[in-house]
Structures are given as C-alpha cells and as structure tokens.
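I opened the model today to look up a few local features. My entries follow, in the order in which I checked them.

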Amino acid sequence: MQAWSPQHYRYEGERNGAREEAIENAILRIELITAKNPKVTPVLTLRHLSELSGVEYGYLRGIISRSMRSQYRVFSLKKNVPGRTRHRLICVPKESLKTVQDWVVRNILRHTQAHRASFAYHPKSRPEFAAQAHCNCDYLLKVDIEDFFHRVSEGRVFGIFVNLGYSELVSFELARLTTIIAQGMERPDWVAERRWPTIPAYQSRYEGFLPQGSPTSPMLSNLAMLDLDEKLSKMAAAENIVYTRYADDLTFSARRPHDFGSLKLFKRRVLAELNEAGFKPNLRKTSIRGPGARRIVLGMLVDGPRARLTKEFKDDLRQHLHYLLSSDFGPAKHAIANKTSVSGMFYMVRGLIGWATRVEPEYGRKCLLQFRRIEWPPLNP
C-alpha cells in the first residue's frame, strides 16, 4: 500500500462532494487499521473493495447475501482411514470469487503473522523445522483436530477481521466472502438475525465455515488458532513440554522425568482446551509414544539429534529409482505400473528427492545423482 496523507484524502473527498462526517469516519478507520498493521490495505466499504479488487459490486453483494448459486466447485477426496471410508470435502472457488479472495490474501492476510508455534500456511514455514523442535524427545503426544477447516466458523472469521481494525460491517462482508455453506453440512446461525437488522439481504439461517480449497482458508485458519496456540504454548512451557502445530496436527514432546502418566494427564488438559475452543479432537489419531516406540513428526523420525527420513520413505524412493534406471523397465513401464504419466512420474520422484534433500541433504544429493542418470523421454509441458 502506498503512503497516504489524511490532508490529501480530505482534500480529494471535499473536491468530490463527500460529506464531512463520511470523510472524518474514513480517515479514522484508515488510521485505526494502519496503526494495527501498516502493511494491511484498508477497506472502507463493500463498494471500495469492489474497486480495489476489480470484482463487480453486485456480484460481491450476491455472495455475501448467500442468494447466488454456489460459486465453488465442490468435490470430495477419499481419505485413508483404516477400517472405514471417509471423504475430505474440497471447495474450489470459481474465477470471480477466487479473484477477490486472492486480493484478500495479497493485500491483507499475507501481512499478518501466525503464532510462533505454527509451522504451516505462512511464508517461510517448513515442516522440517517443526520436527526438529521435537528431536531427542523421550515422549511424544500427537493430537489431531477433526475437520479442521470446517470447525472455523464464519463468526470466528468475522472476529479476525475486526481484530485487524476493519469495521464490523466490512468484517462481516469479508467473512461471508471467505466462507461457505455446503449442502449437508449446514449449521444454524443463532445470531444472524440480530447481527444486521438494517440489511435484510444479509440474513441467513446458516453460518458458513472455511472452505478447504480456497486461497484464503489456510492463513485464516492460522489466525483463528492464535489464542489457542498461545494458551497451549504457555501450558506446555509451564510443564517443560515443547508444542508445535502444523495445520490440524498438534505435537507435544517431553523428556524425562516426564513419563506416560504425566503425558496422559497433560493430554486431558489439551483435549479440554480444544473442546472449549470449539474444535473437535480426533481421538483415533491421538497417541502417546515413548521409549522403545518410533517417534515420528510429520513423517520424520525425531528420536535422535536431527530429524530423519523414515525407512519406508527411503525404501519407496529407492524402489522408484531402481525401476526408472532399469534397462528392462524404465520410465514408461514404471509410469504405467503406477497408473500415471511419464511426466507425472518425473515430477513425483523429483518432489520426493527434493523433500529428502531438505531433511537429509547428503542422502538427497545421492538420490539426485541417480535421478539425473535416468533416460527420460521428452516430457509433456
């Protein structure tokens, strides 16, 4: 955002016939927002947002009123859940909605900060840093939040924008633009009818939630967790326990004299805090690992001084490289065996090597040398 002058703003407002009261209110709101975070772009009204983002005002109004046909492409992805079939709901915004959401990311959310315990969804965040924080631990408590994005409600998102300095009305409109009501997952909104009685078009029976697949959802989920991250961090620090969060994966690690008993007591407190904050712990994915058990954080072993790749990961990568280098097999046959294209196989294996290089640089470099010896056919762009 370019530097602005309240004197120049007042001059231009008066020159364009704006009322003195409106000019003064706008200046006060801009000063409030920039005082909280000077990098965040002020938005004064929905029409102002329309001009800033280049998205038609009527379209934005239709999204906020929940009167338009869904502007998301909704589909489900099967989740690997032992013993049962579950699906993850993915909601990808259509072009115009994605345009305004991208604007919100670039001009508002990317200038905010997640809690220091969070290692996902913000610039320079890396999962290996989260794993490294738990290295050499004796005990590991892992807690998962069920349906994480869907637990972040429209009301909670409204509070995020209010805390950034936006007016309540603009915060409500931004919350509506970044949340969704999905069929089969409707939740009654008990306060909507009291929220904006002067704007009948904004009334809705249901409260939205963060759509997984929207560009705004990851950073908003981090901001929605700020208070809880701070509470859990202080609670862990008081017990000499390390806490990190990667999206919906919460990890706590401890060293002796902690034992299974003390970790079980601490787990109860963590689950109670999650429930109090409106998040549902996934008890099936909640576990405590101690001496004699593998202690893994985000796919990395942390029972030594440095985060390491698991044996399963290395075996998988080794097998790919073996078949890709084999004169009897090669890229084409290996791609067919894995039900993908040659270019898909190229980028998948290259991605695995990239990850290996970040976690274990020397091992990753050795794999990269092998990868460069593979005789790849011309790849589709």
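**Entry 1: Tyr 121.** I started with Tyr 121, which is partly exposed at 30% relative accessibility. My cut-offs: buried is under 20% relative accessible area, exposed is over 50%, and partly exposed is in between (1.4 Å probe, protein chains only). Tyr 121 lies in the loop between helix H5 (95-107) and helix H6 (127-132). Helices (H or I, at least four residues) and strands (E, at least two) are DSSP runs, numbered from the N terminus. Phi of Tyr 121 is near 70°, a positive value in a residue other than glycine. Ring pairs also link Tyr 121 with Phe 148, Phe 149 and Phe 279 in a cluster.

**Note on the model.** The model is predicted: local features need pLDDT of at least 70, side-chain atom pairs count only at pLDDT 80 or more, and totals for chains, interfaces and linings use all residues. Residues are numbered from 1 along each chain as its sequence is written, and side-chain values use heavy atoms, with hydrogens and water left out.

**Entry 2: the whole chain.** I noted 16 helices and eleven strands. Of the 381 residues, 46% are buried. The C-alpha atoms fill a box of roughly 75 × 60 × 45 Å along the principal axes.

**Entry 3: aromatic pairs.** Rings of Phe, Tyr and Trp (its six-membered ring) pair if their centres lie within 6.5 Å; planes under 30 degrees apart are stacked, over 60 edge-to-face, and the rest tilted. I get 13 aromatic pairs by this rule. One of them, Phe 172 with Tyr 202, is tilted, at 5.6 Å centre to centre and 35° between the planes. Phe 172 is in helix H8 (residues 168-177) and Tyr 202 is in the loop between helix H9 (192-195) and strand E5 (206-207), so the pair ties together parts 30 residues apart in sequence. Phe 172 is buried at 1% relative accessible area. Tyr 202 is buried too, at 3%. I then checked Phe 346 and Tyr 347: the centres are 5.1 Å apart and the planes are at 85°, so this pair is edge-to-face. Buried or exposed, what is Tyr 347? Tyr 347 is exposed at 54%, while Phe 346 is buried at 17%.

**Entry 4: H4 on H8.** Which residues of H4 and H8 make the contact? First the geometry: helix H4 (residues 57-64) packs on H8 at about 80°, with the axes 8 Å apart. Axes are lines fitted to C-alpha atoms, for helices over the stretch in contact, and angles run from 0 to 180 degrees between N-to-C directions. H4 is therefore roughly perpendicular to H8 (65 to 115 degrees; under 35 is roughly parallel, over 145 roughly antiparallel, the rest oblique). Leu 60, Ile 63 and Ile 64 of H4 meet Phe 172, Glu 173, Arg 176 and Leu 177 of H8. Contact means heavy atoms within 4.5 Å.

**Entry 5: Arg 151.** Arg 151 is in the loop between strand E3 (139-144) and helix H7 (154-163). At 27% relative accessibility, Arg 151 is partly exposed. Beyond its neighbours within four places in sequence, Arg 151 contacts Glu 146, Arg 156, Arg 187, Gly 278, Phe 279 and Lys 280. Asp 147 is in the loop between E3 and H7. Asp 147 has a positive phi of about 50° although it is not a glycine.

**Entry 6: a cis bond.** I found a cis peptide bond joining Arg 256 and Pro 257, with omega about 20°. Pro 257 sits in the loop between strand E7 (249-254) and helix H12 (260-276).
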